[in-house]
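Could you walk me through this structure, one selection at a time? I have it open in a viewer and would like to know what to click on next.

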Amino acid sequence: MPKKHFNTPRTNTTFNGLLFYGRHPITAAINNPKRQITKILCTPENEAEVRKLCQNAKRNESIISVTERKEIDKLLPSDSVHQGFAAYVKELENYALEDIIRLADSLEDCHVLILDQVTDPQNIGAIIRSSVAFNTLALILQDKNSPNESGAMAKASAGMIEHLPICRVTNLARAIEQLKAVGFWTIGMDGYATTTIDQLKKGGKSAIIMGSEGKGMRRLIEESCDITVRLPISEKVESLNVATAAAIALYEINKK
């Protein structure tokens, strides 16, 4: 079983839990048996859809509260697109690194993604969506310098946060060494590398490591990599948004 992970309180937490919003995140949360939901808010036109989802997922319909759109608006930042769906949910349990290693144990080919100090929740949400799209086994983050699970992250992931094991570790460099010890080849993304990612030999177990925009990977993390590679982009473009770069890298590493 995944190890329970505790974090400092977050600003979007209430006594009911995290507030998720949007059709895709709420649908995915309802369909995830591991996700605890304390209350679902929906507008009248969405009630039938939400009740059907709860019935199919064998959820108790007593958690549904039908309310006006303006009442949901009051709970969220003004730019939130909730589509008449919101829910108070409990944070998913964090996977321990040992859990990820165990998931990879029986696989000949797999890859994980490691983020070094990527801090924007919407970028991480978009990265989660790409990770699921390109069959990433797990996402590994440093506990201290990464945002907690949130409604914005779930929304940016289009609900895919329900489908990706997420592991938060205290020491990222140590986690990389543990992965290397069990056969993972560690690939750092660096815009100044001489080798492009499309030149890599595919197959086996890989860990792709990405740093924050601007600063990139920290020196200790870069030194832990077996190889550094870059995306083959035009010289006219200095760099890409980290979520865009992650999507391209994961697409390339997932190619057979």
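Here is a short tour, going from the whole chain to single side chains.

**Stop 1: the whole chain**

Start with everything shown as a cartoon, and keep in mind that this is a predicted model. Coloured by secondary structure, the chain shows nine helices and eleven strands.

**Stop 2: surface and interior**

If you display contacts between residues at least 6 apart in sequence, 79% of them join residues at least 24 apart.

**Stop 3: the cysteines**

Next, select the cysteines and show their sulfur atoms. How many disulfides does the count come to? The count is zero. A disulfide is a covalent bond between the sulfur atoms of two cysteines, and the cut-off used here is 2.5 Å between the sulfurs.

Zoom in on Cys54. The closest cysteine sulfur to its own belongs to Cys42, and at 8.7 Å that is too far for a bond. Cys54 is also buried, with a relative accessible area of 0%.

Then move to Cys167. Here the closest cysteine sulfur is in Cys110, 14 Å away, so this pair is too far apart for a bond as well. Cys167 counts as buried too, at 0% relative accessibility.

**Stop 4: an aromatic pair**

For the last stop, show the aromatic rings. The count comes to one aromatic pair. Select Phe134 and Tyr251 to see it: the rings are edge-to-face, with 5.8 Å from centre to centre and 70° between the planes.

Which parts of the chain does the pair link? Phe134 sits in the loop between α5 (121-133) and β7 (139-142), while Tyr251 belongs to helix α9 (residues 242-254). The two are 117 residues apart, so the pair links distant parts of the chain.

Phe134 is partly exposed, with a relative accessible area of 21%. Tyr251 is partly exposed as well, at 42%.

Technical notes
Residues are numbered from 1 along each chain as its sequence is written. This is a predicted model: local features need pLDDT of at least 70, side-chain atom pairs count only at pLDDT 80 or more; totals for chains, interfaces and linings use all residues. Side-chain values use heavy atoms; hydrogens and water are left out. Buried means under 20% relative accessible area, exposed over 50%, partly exposed in between (1.4 Å probe, protein chains only). Rings of Phe, Tyr and Trp (its six-membered ring) pair if their centres lie within 6.5 Å; planes under 30 degrees apart count as stacked, over 60 as edge-to-face and the rest as tilted. Helices (H or I, at least four residues) and strands (E, at least two) are DSSP runs, numbered from the N terminus. Contact means heavy atoms within 4.5 Å.
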